[in-house]
Amino acid sequence: MNADRFEDHAWADVVPEDLLRIYAPYRRDTFVGPRPALVLIDLYNVAYRGGPVQPETLLGQYPSSCGIYAHNAIEPTKQLIAASRAAGIPIFYCTSDNRPFAAPQGGGATRRKKASTAQRFADDYEIWADFAPQDGDVVIRKQRASIFQGTPLTSHLNLLGVQSLIVCGESTSGCVRASCVDGYSSGLHVSLVEECSFDRHELVHKMNLFDLHHKYADVMHVGEVIAHLDGMIENRVAAE
Amino acid sequence: MSERIWDKYLTERDKAVFAATGFGALADWGKRPALLIIDVNYAFCDEEPKPILESIKTWRTSCGEDAWEAMPVLQKLIGVSRDKGIPVIYTTGSRRADNWDAGSWRFKAAGRPPVPVLDASARDGNDIVDAIAPGPRDIVVRKLKPSGFAGTPLQSYLQLLGCDSLIVTGTTTSGCVRATVLDAFAENFRITVVEDGCFDRTQASHAINLCDMHAKYANVRPSTEVVDYLNTLSQGMFDLPSGQGMATRIAAE
């Protein structure tokens, strides 16, 4: 395995040589595992508010927006979803369970201060229209960071015989990270799609990708994952 | 199966309700089962078959002779499963020496007589009975609570193995077997409960819990039928533990 290829990802410009040496035992081949499902974490409207600009400039009005980073991920995510639909793999979304009476105080996904009333809108937690769920998709409402925590996800995966996840979405440091770790701990092979994942700051995004890639998930480029999904169709056609 | 073990405990109205509502229809078998053996340890079986009223003087939770009637059934199922390369997974209890992690088990223990001094060999009640001892390629899950899923890695093991179903045996039918069956059901596994491979301290509880599980969550079937089913499966479907080095470790314990 080419060591450079293993480290040829978003963190390459921020990770020093000594850290790479310490993390050498994590080097391995990366791949999409058998019987995969696509898991789209928190691709809801709040993350895109204010348009493709630096999140720092949106702090007043849209403090939860990932701005430019969210918008940069739109095109690759559309391609990833299209390839997943073509391959016929199960597609799971998740969004915040903000229904009234759902949770006691302090039961949120993070310890972040709540947005003010002026910063909140009724459709905040609807899935961004470009990725609108279709019939047959599953939307999980969750209260915590991980899509597994307090949800029926594992039961759905068992029913479908899913053995691997292809994960993307936001935020890399929060819900994506928590979901990847829980997925790995649940016995699933996890592939995380780099170009379709995002956060509010590049450094946080890069270092969390780095952590996940070495310990829990195979961070892969969207092109590699789409090629795998396309291959699944070819294999199926060949089998028929 | 016209007469079921629970029939004699049902009222006429119960029988009429079952007949009218269609509970208890048979589900299809799974394609990739694991054999689950719940808590067949010395605390629930004693060290030899003794009448239960005698046995519970030493092991308060013993199921007496009923446990030992199930033992040959378990041996048969374990043998067939190992030959086929089907995962064999045991559960048993785990407890700190100071009993702190008994937790909720203490809530109802207030009026209970003091726990008797255990047998002279000071055997650990959580040890799985030698007659069905785990083999090097089997898996043992330690648990604190009735369900084999509660606070354990069981779900992740079944995920790794790619299991879609469970063949459930062991004890007690009304306690840990039922709790495990319910949690497996909640996780969308197909479940068969082996009627003659399960036992309980209480005869009525055993029968009625089998009735409940058969009505809603599982197929309750005799072991002969389960063995026939296991024999239809392909050899070597699962990526089981290699078992390497386990024999030495088992001997050391």
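In chain A, six strands form an open sheet in the order E3-E2-E1-E4-E5-E6, and the pairing is parallel. Helices (H or I, at least four residues) and strands (E, at least two) are DSSP runs, numbered from the N terminus, and two strands pair if DSSP finds at least two bridges between them. This is a predicted model, in which local features need pLDDT of at least 70, side-chain atom pairs count only at pLDDT 80 or more, and totals for chains, interfaces and linings use all residues. Residues are numbered from 1 along each chain as its sequence is written, while chains are lettered from A and ligands numbered from 1 in the order in which they are written.

**Sheet of chain A**

- The edge strands, E3 (138-142) and E6 (218-220) of chain A, each pair on one side only.
- From one strand to the next the twist averages 25°; angles run from 0 to 180 degrees between N-to-C directions, and axes are lines fitted to C-alpha atoms, for helices over the stretch in contact.
- Strand E1 (residues 36-41) of chain A pairs with E4(A) in the parallel sense over six bridges. A:Pro36 stands opposite A:Ser164, and A:Ala37 has A:Leu165 as its bridge partner.
- On E5 (residues 189-198) of chain A, E4(A) also has a parallel partner over six bridges, with A:Leu165 opposite A:Val190.
- The chain crosses from E4(A) to E5(A) through helix H6 (residues 172-185) of chain A, and this β-α-β crossover is right-handed (with the strands pointing away from the viewer, the path from the first strand over the helix to the second runs clockwise).
- Helix H4 (residues 74-87) of chain A lies across E1, E2 (91-96), E4 and E5 of chain A, at about 145° to E5(A).

**Burial and cores**

- Six of the seven residues of strand E4 (residues 164-170) of chain A are buried. A residue is buried if 20 or more other C-beta atoms lie within 10 Å of its own, exposed if 12 or fewer, and partly exposed in between, with C-beta atoms placed from the backbone.
- The largest nonpolar core has 54 residues, and A:Val39, A:Val167 and A:Leu192 are among those with the most contacts inside it. Such a core is a set of buried Ala, Val, Leu, Ile, Met, Phe, Trp, Tyr and Cys residues joined through C-beta atoms within 7 Å.
- Apart from it lies another core, of 50 residues, including B:Leu77, B:Tyr90, B:Phe149 and B:Cys163.
- In helix H6 (residues 173-186) of chain B, the buried residues include B:Cys176, B:Val177 and B:Val181. Their cover includes E1 (33-38), E4 (165-171), E5 (190-199) and H7 (203-216) of chain B.

**Contact between chains A and B**

- Ten residues from chain A and eleven residues from chain B take part, a contact being two residues whose C-beta atoms, placed from the backbone, lie within 7 Å.
- Helix H5 (residues 153-160) of chain A supplies the largest share of the chain A side, four residues.

**Backbone geometry**

- The peptide bond from A:Glu170 to A:Ser171 is cis, with omega near -15°; A:Ser171 sits in the loop between E4 and H6 of chain A.
- The bond from B:Thr171 to B:Thr172 is cis, with omega near -15°, and B:Thr172 is in the loop between E4 and H6 of chain B.
- A:Asp42 is not a glycine, yet has a positive phi of about 50°. A:Asp42 is buried, with 24 other C-beta atoms within 10 Å.
- B:Asn188, in the loop between H6 and E5 of chain B, has a positive phi of about 70°. With 15 C-beta neighbours inside 10 Å, B:Asn188 counts as partly exposed.
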